[in-house]
Amino acid sequence: MTPKPASLDRARPAAEQPLARPGVDRTSIGVLVRKFYSRVRKDERLGPVFAREIVGDWEPHLEKMTDFWCSVILKSGDYHGRPVPAHLKLKNVTEADFEIWLALFGETTSELFAPEIAAVFVERAERIATSLKLAMFFHLSPATKVPG
């Protein structure tokens, strides 16, 4: 086996660590998820988008999102879904919808957590939104495609 050059380790970003803070646990994340999605459901733009996808009982989706955020924040490993394919099938979502989503998420986290904890949630949400937007909306124009 060939050893890795030390420069590769320095170039690779450090893995995110679990946010180990008092009051940040599955219960508080579940409260965040439920309060956030309550706002989403009432939002003029996002409410109908979600209503078309989640019909009836919201609890399974809320539990899945609690698993997701526990995995993102606590590194629990509870979430086993595939968010990109789930979002790719949404044909009525626009890039601007992510800004609404992030604003509602930021408001909700700031109400429930201390500023430094809310900032961690928001920073990770922004990275997730960026990844989803790239997956959903990024297309090379014919003029920028690399020949090959």
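In this predicted model, helices α2 and α3 pack at an angle of about 105 degrees, with their axes 5 Å apart. Angles of 65 to 115 degrees count as roughly perpendicular. The two helices, α2 and α3, are therefore roughly perpendicular to each other. On the α2 side, the contact is made by Tyr-37, Val-40 and Arg-41. On the α3 side, Leu-46, Gly-47 and Phe-50 take part. By class, the contact of α2 with α3 has four nonpolar residues, one polar residue and one charged residue.

Helix α2 (residues 26–42) also meets helix α4 (residues 59–74). Their axes come within 9 Å and cross at roughly 125 degrees. Helices α2 and α4 are therefore oblique to each other. Their crossing is right-handed. From α2, the contact involves Arg-26, Ile-29, Gly-30, Val-33, Arg-34 and Tyr-37. From α4, the residues involved include His-61, Leu-62, Met-65, Trp-69, Cys-70 and Ile-73. Charged residues of α4 also take part, among them Glu-59, Glu-63 and Asp-67. By class, the contact of α2 with α4 has nine nonpolar, three polar and five charged residues.

The largest nonpolar core holds 36 residues. Within this core, Tyr-37, Trp-69, Ile-73, Trp-101 and Phe-121 touch the most other members. Helices α2, α3 (46–53), α4, α6 (95–112) and α7 (115–137) each supply at least two residues of the core.

Lys-75 lies in the loop between α4 and α5 (83–88). Most residues other than glycine have a negative phi. Phi of Lys-75, however, is near 60 degrees, a positive value. At 34% relative accessibility, Lys-75 counts as partly exposed, because that class runs between the buried limit of 20% and the exposed limit of 50%.

Thr-130 is found in helix α7. With a relative accessible area of 43%, Thr-130 is partly exposed. Thr-130 and Glu-95 are 35 residues apart along the chain. Their C-alpha atoms are separated by 9.7 Å.

Note on methods:
Residues numbered from 1 in each chain as written. Predicted model: local features only at pLDDT ≥ 70, side-chain atom pairs only at ≥ 80, totals over all residues. Heavy atoms only, no water. Axes fitted to C-alpha atoms, helices over the stretch in contact; angles between N-to-C directions. Helix = DSSP H or I, 4+ residues; strand = E, 2+ residues; numbered from the N terminus. Parallel < 35°, antiparallel > 145°, perpendicular 65-115°, else oblique. Left-handed = near helix turned anticlockwise from the far one by under 90°. Contact = heavy atoms within 4.5 Å. Core = buried A, V, L, I, M, F, W, Y, C linked by side-chain atoms within 4.5 Å. Buried < 20%, exposed > 50% of the residue type's maximum accessible area, 1.4 Å probe, protein only.
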